[in-house]
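Please consider the sequence and the three-dimensional structure shown below. The paragraphs that follow lead from the chain as a whole to one helix and then to a pocket.

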Amino acid sequence: ALLREPRMPAARSRLEFARIATTEWLEWDDFAHWYRTTYFEPAVALAGRVPAEVARVCAGITGERARLDAIRRFVQDLDPLERPMSAGALAPMTADETLAQRAGGCLDKAALLVAMLQADGIPARPALMVSALHGDFDERFPTWSFDRMLVLAEVGGESIWIDPAARWRPLGALPWFDQGRPAVLLNAVPVSAGAPPATESAGPEAPPRAGSAQILSTPVSVAA
């Protein structure tokens, strides 16, 4: 609500400056915890075929960065599937399903990439983003407005951003529409003692987890 001040213009004259959005979450931490536990983590957990695929993809490759690059190229080279996030596709296929189809949309490839990197001992986290192709991100409204999911991997103290749906670019290079954009990093936050477990039915009413979300800016690189 607006607090009235002396000589404030009439309300109707301020309507053109009003911004209204529907959301069921008060904080990004609430949203991030709900999305990760409801949709993303179950897709990564169903990854029985992943260790064997990692062993095949990384056969004869040594060095953490080189193995990351091999896994990254394998996932990016899978055939694309039209499952637009902006049209309401929230749930990724499981990592096993994406491997079986040898194809996936942005969410599917992100879940597979995180599953494969984690199976190889490389820390990786998903991040939701509104690309320059889709519009602007408004940090004030925690709601689903995304069209892209990136993956942030950690190797040797270096943070490397990966767009799993973008092909034919070197490790660490993002397409132009991913660069310099705010991204909501989804962190895995341990459940505190005594807190109720998150379930799919909990939806937006799941208990908030401080630190579940970080809003970071993606890097800008010459290779676009």
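What percentage of the residues of the protein chain count as buried? In this predicted model, 46% of the 224 residues of the protein chain fall into that class. The accessible surface of the chain amounts to about 11,700 Å², and carbon and sulfur atoms contribute 55% of that surface.

The secondary structure consists of 5 helices and 7 strands. Along the sequence, these elements follow the order α-α-α-β-α-β-α-β-β-β-β-β. Among the contacts in the chain with a separation of 6 or more, 72% are between residues 24 or more positions apart.

An α-helix has 3.6 residues a turn, so residues three or four places apart point the same way.

Attention now turns to the empty space. Rolling a probe the size of a water molecule over the atoms shows where such space is left. The largest pocket has a volume of about 380 Å³. It is lined by 19 residues, of which L81, E82, C106, R148 and A165 are the closest to its centre. By class, the lining of the largest pocket comprises 9 nonpolar, 4 polar and 6 charged residues.

Note on methods: Residues are numbered from 1 along each chain as its sequence is written. This is a predicted model: local features need pLDDT of at least 70, side-chain atom pairs count only at pLDDT 80 or more; totals for chains, interfaces and linings use all residues. Side-chain values use heavy atoms; hydrogens and water are left out. On a 1 Å grid over the protein atoms alone, a cavity is a set of points where a 1.4 Å probe fits but cannot get out, and a pocket is an open set with protein on both sides within 12 Å along at least five of seven lines; lining residues have an atom within 4 Å of a point. Grid points are joined across faces, edges and corners, and a volume is the space filled by probe spheres set on the points. Ala, Val, Leu, Ile, Met, Phe, Trp, Tyr, Cys and Pro count as nonpolar, Asp, Glu, Lys and Arg as charged, and the others, Gly among them, as polar. Helices (H or I, at least four residues) and strands (E, at least two) are DSSP runs, numbered from the N terminus. Buried means under 20% relative accessible area, exposed over 50%, partly exposed in between (1.4 Å probe, protein chains only). Contact means heavy atoms within 4.5 Å. Accessible areas come from the Shrake-Rupley method with a 1.4 Å probe; for residues, only the protein chains shown count as cover.
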